[in-house]
Amino acid sequence: MILGWLRLAAMAMIVLTVAYFLVGIYSRSVRREKLEKRWAAEQMEGDRDAWIEAGMKAYDGGLKRRLLWLIYILPMAAFTAIFFYVNWD
């Protein structure tokens, strides 16, 4: 019985890893697009690519990027809670 739960947990980690990378790629592309639109709307002077890269570095250290870890934390916490609830004697 434990082996089945471990197999399920391993498969869940694989699925969550794929979801994490896909959401991360999507999130970065949306942020980059917003920076590009802001550059165009405000008609800024200087190096566009350097400004966008600086904005992306700020995004990588920000809260929104860290919240992506909830893709792992919430489902695994629910899985653990269900595992203990079902097996509690």
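These are my notebook entries on a predicted model of one protein chain.

**Ground rules**

I number residues from 1 along each chain as its sequence is written, and side-chain values use heavy atoms, with hydrogens and water left out. Because the model is predicted, I take local features only at pLDDT of at least 70 and side-chain atom pairs only at pLDDT 80 or more, while totals for chains, interfaces and linings use all residues.

**Entry 1: overall form**

I looked up the secondary structure and found 4 helices and 0 strands. Helices here are DSSP runs of H or I with at least four residues, strands are runs of E with at least two, and both are numbered from the N terminus. The order from the N terminus on is α-α-α-α.

I then checked the dimensions. The C-alpha trace spans about 65 × 20 × 15 Å along its principal axes. The radius of gyration is 20 Å, whereas a compact globule of 89 residues would have one near 12 Å. This radius is taken over C-alpha atoms, and the globule rule is 2.2 Å times the number of residues to the power 0.38.

Next came the surface. The chain exposes about 7000 Å², and carbon and sulfur atoms supply 69% of that area. Accessible areas come from the Shrake-Rupley method with a 1.4 Å probe, and for residues only the protein chains shown count as cover. I noted that 20% of the 89 residues count as buried. Buried means under 20% relative accessible area, exposed means over 50%, and partly exposed lies in between (1.4 Å probe, protein chains only).

I also looked at contacts, meaning heavy atoms within 4.5 Å. Among contacts between residues at least 6 apart in sequence, 65% join residues at least 24 apart.

**Entry 2: helix 1**

Helix 1 covers residues 2–42. Its 41 residues reach 59 Å from first C-alpha to last, close to the 60 Å expected at 1.5 Å a residue. The expected span is 1.5 Å times one less than the number of residues.

I listed its buried residues as Trp5, Ala9, Leu16, Tyr20, Gly24, Ser27, Leu35 and Trp39. Their cover includes helix 2, helix 3 and helix 4.

Arginine 7 also sits in helix 1, and it is exposed with a relative accessible area of 57%. I took the separation between the C-alpha atoms of arginine 7 and aspartate 47, which are 40 residues apart along the chain, and got 51 Å.

Which residue in the loop between helix 1 and helix 2 did I stop at? I stopped at glutamine 43, which lies in that loop and has a positive phi of about 45 degrees although it is not a glycine. At 65% relative accessibility, glutamine 43 counts as exposed.

**Entry 3: helix 2**

Helix 2 covers residues 48–60. Its 13 residues should span 18 Å at 1.5 Å a residue, and the end C-alpha atoms are 18 Å apart, which agrees. The buried residues are Ile52, Gly55, Met56 and Tyr59. Seen down the axis of helix 2, these fall within an arc of 100 degrees, so they line one face. The arc is that of the directions from the helix axis to the C-beta atoms.

Turned away from this buried side, I found the exposed residues Lys57 and Ala58. Cover for the buried residues of helix 2 includes helix 1 and helix 3.

The 18 residues of helix 4 (residues 70–87) should span 26 Å, and the end C-alpha atoms are 25 Å apart, which agrees. Ile71, Tyr72, Phe79 and Phe83 are buried in helix 4. They cover an arc of only 85 degrees around the axis, which puts them on the same side of the helix. The face turned away from the buried side carries the exposed residues Leu74 and Tyr85. Helix 1 and helix 3 (63–67) are among the elements covering the buried residues of helix 4.

Which residues make up the largest nonpolar core? I found 5 in all: Leu16, Tyr20, Leu68, Ile71 and Tyr72. A nonpolar core is a set of buried Ala, Val, Leu, Ile, Met, Phe, Trp, Tyr and Cys residues joined through side-chain atoms within 4.5 Å.

Leaving out residues up to four places away in sequence, tyrosine 72 touches Met13, Leu16, Thr17 and Tyr20.

**Entry 4: after helix 4**

Tryptophan 88 is in the segment after helix 4 and is exposed, with a relative accessible area of 68%.
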